[in-house]
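Welcome! Take a look at the sequence and structure below, and then let's walk through them together.

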Amino acid sequence: MKIDWAALGAVFGVSLVVTVALVALFTLGITGLSRHERAAAEGGSAGLAVTGAYACFAACAAAVGYGIYLIVA
């Protein structure tokens, strides 16, 4: 049995980048929602923060869905 180290390294690199990207997107989404809560408590409006937060969550869902599609296909 021979191991293709280049392919294994590529899989490791891609999974590492995707993991960091998903964590960053979730962090941005949670931060956007907390900005909205803070602005609402102070009487302001932060509609853009909520829109950005939901966009981050949608990007996470799309990335996970695409990953599941790649596994199943």
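## Overall shape

The protein chain has two helices and zero strands. Its radius of gyration is 18 Å, well over the 11 Å that the globule rule gives for 73 residues, so the chain is more spread out than a compact globule. Please keep in mind that this is a predicted model.

Along the principal axes, the C-alpha atoms of the protein chain fill a box of roughly 65 × 20 × 10 Å. Of the 73 residues, 12% count as buried. The chain exposes about 5600 Å², and carbon and sulfur atoms supply 74% of that area.

Helix α2 covers residues 47-72. With 26 residues at 1.5 Å a residue, helix α2 should span 38 Å, and its end C-alpha atoms are 37 Å apart, which agrees.

Which residues of α2 are buried? They are Ala49, Val50, Ala53, Cys56 and Cys60. These buried residues pack against α1.

## A meeting point at Arg35

Arg35 belongs to helix α1, which runs over residues 5-41. Setting aside neighbours within four places in sequence, Arg35 is in contact with Ala46 and Ala49. Although Arg35 and Ala49 are 14 residues apart in sequence, they are 6.7 Å apart in space, C-alpha to C-alpha. Ala49 is also one of the buried residues of α2.

## A nonpolar patch

Met1, Ile3, Trp5 and Leu8 make a nonpolar surface patch of about 570 Å². Leu8 sits in helix α1, and it counts as partly exposed because its relative accessibility is 46%.

Terms used: Residues are numbered from 1 along each chain as its sequence is written. This is a predicted model: local features need pLDDT of at least 70, side-chain atom pairs count only at pLDDT 80 or more; totals for chains, interfaces and linings use all residues. Side-chain values use heavy atoms; hydrogens and water are left out. Helices (H or I, at least four residues) and strands (E, at least two) are DSSP runs, numbered from the N terminus. Contact means heavy atoms within 4.5 Å. Patches are made of residues with over 30% relative accessible area and no salt bridge: like charges are joined within 9 Å, nonpolar side chains (Val, Leu, Ile, Met, Phe, Trp, Tyr) within 5 Å. Accessible areas come from the Shrake-Rupley method with a 1.4 Å probe; for residues, only the protein chains shown count as cover. A salt bridge is a side-chain nitrogen of Lys or Arg within 4 Å of a carboxyl oxygen of Asp or Glu. Buried means under 20% relative accessible area, exposed over 50%, partly exposed in between (1.4 Å probe, protein chains only). The expected span of a helix is 1.5 Å times one less than its number of residues. The radius of gyration is taken over C-alpha atoms; the globule rule is 2.2 Å times the number of residues to the power 0.38.
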